Amino acid sequence: MTGHAQAGRPNKLLRNLNAKIASIPMILTALVIFVGGTLWTVFYSFTNSKLLPRLSFVGFDQYERLWAAPRWVTAIENLALYGILSLIFSLVIGFLLAALMDQKIRFENTFRTIFLYPFALSFIVTGLVWQWVLNPDFGIQSVVRSLGWTSFTFNPLYTPEIVIYGILIAALWQGTGLVMCLMLAGLRGIDEDIWKAARVDGIPMWKTYLFIVIPMMRPVFITTIVIIASGIVKVYDLVVAQTSGGPGISSEVPAKYVYDYMFQAQNLGQGFAASTMMLVTVAIIIVPWAYLEFGGGRKRG
């Protein structure tokens, strides 16, 4: 009987055969375009390619030039500052908004739409809008001064020391709504009995969120952090629309550095080296997420 049962079972390789056949084009596309393109970029980052790729190997010279360039160092410093602040504020503001929305307030759908609407805009539109809002001649500074506070100064986009904060404001305005929706979905997935038990035990609301709800929302937080982090690494449109990297190079970011060297300075080797460093940054984000989401889950199971 056992032999017949085993003979009747389909081979694992033949299970869902139609689905596997249908996925072949996507797998080939991923291998050829994504993996192939990545390997091609890394390979030519060790060459002295200029306008066109060429097999003129220079070892790690491109990387040495990259990290010796003040513009690249400034871009990394800006990305680190922008990334840390964006991650913290997006999570905190998004979670607080979601917690408020979860109180079954009136006009919830209206407020949710209002908060999520900026995310539907392109980064270029957002950048141009906030360039106008933060303009000292007719933006916030001008409005406040017209109300009588003539000494008020708020001019981040034209001040090198704080220009990255002006970009951060625009990014938070656009992205916080998405974080709120993700967090709200996680909160709505919490069993109502948990809230009732916490109220019966007399646990304060803030302790319920901090010690019970947030740990239960771990998968939501991990996914949200990966989404935010991936957007941070590739930030480009917002900077170009607001400041074009200025004043000077004070708001330079890695993605803009790559674009400028590959398509304006016609230095493919340097652009490929910078792209490879961005790839390493993405890998540092994705690998731990994949382990926590898949590897860690299997071990717990």
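The following legends describe close-up views of a predicted model.

**View 1. The cis peptide bond between G246 and P247.** The peptide bond that joins G246 and P247 is cis, with an omega of about -5 degrees. Most peptide bonds, by contrast, are trans. P247 belongs to the loop that connects helix 12 (237–242) with helix 13 (254–264).

**View 2. S244, a residue with positive phi in the loop between helix 12 and helix 13****.** Although S244 is not a glycine, its phi is positive, near 55 degrees. Most residues other than glycine have a negative phi.

**View 3. F107, a residue with positive phi in the loop between helix 4 and helix 5****.** F107 is not a glycine, yet its phi is positive, at about 60 degrees. F107 is exposed, because its relative accessible area of 55% is over the 50% cut-off.

**View 4. Two spans annotated as transmembrane regions, residues 208–233 and 272–292****.** An unreviewed UniProt entry gives the annotation "transmembrane region" to several spans, among them residues 208–233 and 272–292. In the model, residues 208–233 are 96% helix and 0% strand, and the C-alpha atoms at the ends of this span are 34 Å apart. Residues 272–292 are 100% helix and 0% strand, with 30 Å between the end C-alpha atoms. The other spans in the annotation are 21–46, 79–101, 113–133 and 162–187.

Key. Residues numbered from 1 in each chain as written. Predicted model: local features only at pLDDT ≥ 70, side-chain atom pairs only at ≥ 80, totals over all residues. Heavy atoms only, no water. Helix = DSSP H or I, 4+ residues; strand = E, 2+ residues; numbered from the N terminus. Buried < 20%, exposed > 50% of the residue type's maximum accessible area, 1.4 Å probe, protein only. UniProt positions renumbered as here; feature names shortened; annotations may be inferred.
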